[in-house]
Amino acid sequence: MRVGVKSDIGRMRRANEDAYWVSPPWYAVADGMGGHVAGEVASRLAVNAVESVALEEEGTPPELIRRAVQRANSAVWQQSQLKASLTGMGTTLTVARIDAGQCMIGHVGDSRCYIWREATIRQLTHDHSIVAELVRTGSLTESEAIGHPQRNLLTRALGMGPHIEPDIIEETVFPGDKILLCTDGLTSVVPVTELARLLGNDTTPDNLARRLVSMANDRGGPDNITVLLIEIAAP
Ligand code: MN
């Protein structure tokens, strides 16, 4: 398994509120939101909670993934209740555990997971956002969604209440597949066709992650950008 990861502040923001955590077979990205430092706190709490579940390794992959998302939610929710400065903070979380040809994903929010295989790319997660809902129901086209003023409004995020129901997605993976976890700082400016083209380059995940981040910055870098790329190796 080769892994590349890059997180960048972008060109418009004063702080990087994204967080990631990599410790094979676990991979996570989170995009925090909230005033002052709250966004950074939320995304950091979320990935730390994933780490604590990963260390336990007790349970089946879907149980582990669900527990990771739920513990992350509790951590963010509880802290937001304790400190006035953290009230209302939240975060996305997309976490993958890739083991024995199986990729198990837990997902809340509008960060994304894609799988690239033999020149085609497929989004494995659904965005929990108002705009994505409008696209799903046919009220908005994909191209209208890009740059939509309300694209940041989420319908589901961690830290909004004591309980969360994550999407759990299972995917069989094969040698040569590339799994991309990323925050919306990438996908809000780089269309999926270009993601597919770039991922087709025969270079290291590290190089690809760097190139994806530069691509987003070349398009103005309006948001923090986090890219985590895993290339599935032969067993
Ligand atoms: Mn973002």
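Q: Thanks! Let's start with Glu-118: is that residue buried or exposed?
A: Glu-118 is exposed, with a relative accessible area of 71%. Exposed means over 50% relative accessible area, buried under 20%, and partly exposed in between, using a 1.4 Å probe and protein chains only. Before we go on: this is a predicted model, where local features need pLDDT of at least 70, side-chain atom pairs count only at pLDDT 80 or more, and totals for chains, interfaces and linings use all residues. Residues are numbered from 1 along each chain as its sequence is written, and side-chain values use heavy atoms, with hydrogens and water left out.

Q: Where is the place of Glu-118?
A: Glu-118 sits in the loop between β7 (112-117) and β8 (120-123). Helices (H or I, at least four residues) and strands (E, at least two) are DSSP runs, numbered from the N terminus. The phi angle of Glu-118 is near 45°, a positive value in a residue other than glycine.

Q: And what is phi of Ala-100?
A: For Ala-100, phi is near 50°, which is also positive in a residue other than glycine. You'll find Ala-100 in the loop between β5 and β6 (102-108), and Ala-100 counts as exposed because its relative accessibility is 80%.

Q: New topic: which residues coordinate the manganese ion?
A: Asp-31, Asp-184 and Asp-223 do, each through OD, at 2.1 to 2.2 Å. Donors are N, O and S atoms within 2.8 Å of the metal (3.2 Å for Na, K and Ca); water is not among the atoms, so sites may look incomplete.

Q: How are those donor residues spaced in sequence?
A: The pattern is D-x152-D-x38-D. Asp-31 lies in strand β3 (residues 26-33) and Asp-223 in the loop between α7 (205-218) and β11 (225-231), so this pair ties together parts 192 residues apart in sequence. Both Asp-31 and Asp-223 are buried.

Q: What about Thr-94, where is that found?
A: Thr-94 belongs to strand β5 (residues 93-99). Thr-94 counts as buried because its relative accessibility is 0%.

Q: Which side chain makes a polar contact with the side chain of Thr-94?
A: That would be the side chain of His-107, at 3.0 Å. A polar contact is a pair of N or O atoms within 3.5 Å; within protein, one must be able to donate a hydrogen and the other to accept it, and residues adjacent in sequence count only if both atoms are side-chain atoms.

Q: Last one: which peptide bond is cis?
A: The bond from Pro-24 to Pro-25 is cis, with omega near 10°. Pro-25 is in the loop between β2 (18-23) and β3.
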